[in-house]
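User: I would like to learn how to read the features of a model like this one. Can we go through it step by step?

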Amino acid sequence: ATKSALKINSNNDSAYAELAVSYIGQGKFDEAGYAAKKSVEINPNNQGAYLTLGDVYKEKKEYQKAEEAYKKLLELNPKYEPAYTALGLCYREQGKLEKARDLSDKIIKENIKNDRLYGFIATSYRLQCKYEEAQKYYNKANECRLQYYNPATRYNYNKLKDIVIQRGIRLVCAQYPMRSVESLKKLFDSKEGVIFVDNEKIFKSALKSYKYEELFTDNFGGDFGHATPKGNRMIAENVANVILKEVFNK
């Protein structure tokens, strides 16, 4: 549909932006970069295109260009949450922890009340071994999450629970790494018959020994991202251990 839109109107900046995202999903970063550049040439205010362009440069380890794209996006929208987390990870990958700290200060100054950004600040403090400050912002992030939930997510979890329990199966739900399991428990009308896996403690502990990039490939959640093979192994082992304990009493 996007390519068809381009044939009809080659000045469609949104279509170029969507095409860029599609190319990233296929691992075609040169093509994604070209499409994102075309989008911002047509419309210098297309925020999504700047985010994609920065992601392309970061993936190709052209960090200076990536930083410029993310910073341009923040000029357009100083409260755009994904730009902060993307720029922050860009700094971390380069070992620029002071820059990441400065970015955290900017978020605090902008007074952006967002659980992902609170999580980003907390992780930044944790990587500096400032555990008391980190916990302060982990708590702020958790407070935000406990105040709201996605109604569709809640419905789907409860529906899934009803289906598996009717079949005599216990439902196992794992929380995201770094996050409190309490926000996951809140989604259920009744927690009876549900096994919850807490991935908060093991990952917070692991970050005392490993670099962030050893456990996560990105920073989309603020305080966590998609896991590396090492991170995935930690999750799998934790889930297995909880099942052995809760189901098989081992």
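Predicted model: local features only at pLDDT ≥ 70, side-chain atom pairs only at ≥ 80, totals over all residues.

User: What share of the residues is buried?

Analyst: Of the 250 residues, 43% count as buried.

User: Now the helix pairs. How are two packed helices described?

Analyst: Two values do it: the angle between the axes and the distance between them. Take helix H4 (residues 47–59) and helix H5 (residues 63–76). They pack at an angle of about 160°, with axes 7 Å apart. H4 is therefore roughly antiparallel to H5, as angles over 145 degrees count as such. The crossing of H4 past H5 is left-handed.

User: Which residues make the contact of H4 with H5?

Analyst: From H4 come Gln-47, Tyr-50, Leu-51, Leu-53, Gly-54, Asp-55, Tyr-57 and Lys-58. From H5 come Tyr-63, Lys-65, Ala-66, Ala-69, Tyr-70, Lys-72, Leu-73 and Leu-76. By class, the contact has ten nonpolar, two polar and four charged residues.

User: What are the angle and axis distance for helix H6 and H7?

Analyst: Helix H6 (residues 81–93) and H7 pack at about 160°, with their axes 8 Å apart. That makes H6 roughly antiparallel to H7. H6 passes H7 in a left-handed crossing. On the H6 side, Tyr-84, Leu-87, Gly-88, Tyr-91 and Arg-92 take part. H7 brings Leu-97, Lys-99, Ala-100, Leu-103, Lys-106, Ile-107 and Glu-110. The classes are seven nonpolar, one polar and four charged.

User: On to the strands. Where do side chains point in a regular strand?

Analyst: They alternate between the two faces of the sheet. In strand E1 (residues 171–174), Leu-171 and Cys-173 form the covered face. Val-172 and Ala-174 form the uncovered one.

User: In which sense do E1 and E2 pair, parallel or antiparallel?

Analyst: E1 and strand E2 (residues 194–197) pair in the parallel sense, over four bridges. Val-172 stands opposite Ile-195 in E2.

User: Next, backbone angles. Which residues other than glycine have a positive phi?

Analyst: Asn-111 is one of them, with phi near 55°. Met-178 is another case, with phi near 75°. Asn-111 lies in the loop between helix H7 (97–110) and H8. Met-178 lies in the loop between E1 and helix H11 (182–185).

User: Are those two buried or exposed?

Analyst: Asn-111 is exposed, because its relative accessible area is 51% and the cut-off is over 50%. Met-178 is buried, with a relative accessible area of 1%.

User: Which residues does Asn-238 touch, and is it buried or exposed?

Analyst: Asn-238 lies in helix H14 (residues 229–246). Asn-238 is buried because its relative accessible area is 13%, which is under 20%. Leaving aside residues up to four places away in sequence, Asn-238 touches Val-197, Asp-198, Asn-199 and Ile-202. Val-197 is within the residue range of E2.

User: Where does Ser-10 lie, and which residues does Ser-10 touch?

Analyst: Ser-10 lies in the loop between helix H1 (2–8) and helix H2 (13–25). Ser-10 is partly exposed, with a relative accessible area of 43%. Beyond four places in sequence, Ser-10 touches Tyr-16 and Ile-42.

User: How far apart are Ser-10 and Phe-224 in sequence and in space?

Analyst: They are 214 residues apart in sequence. In space, C-alpha to C-alpha, Ser-10 and Phe-224 are 38 Å apart.

Methods: Residues numbered from 1 in each chain as written. Heavy atoms only, no water. Buried < 20%, exposed > 50% of the residue type's maximum accessible area, 1.4 Å probe, protein only. Helix = DSSP H or I, 4+ residues; strand = E, 2+ residues; numbered from the N terminus. Pairing = 2+ DSSP bridges. Contact = heavy atoms within 4.5 Å. Axes fitted to C-alpha atoms, helices over the stretch in contact; angles between N-to-C directions. Parallel < 35°, antiparallel > 145°, perpendicular 65-115°, else oblique. Left-handed = near helix turned anticlockwise from the far one by under 90°. Nonpolar A, V, L, I, M, F, W, Y, C, P; charged D, E, K, R; others polar.
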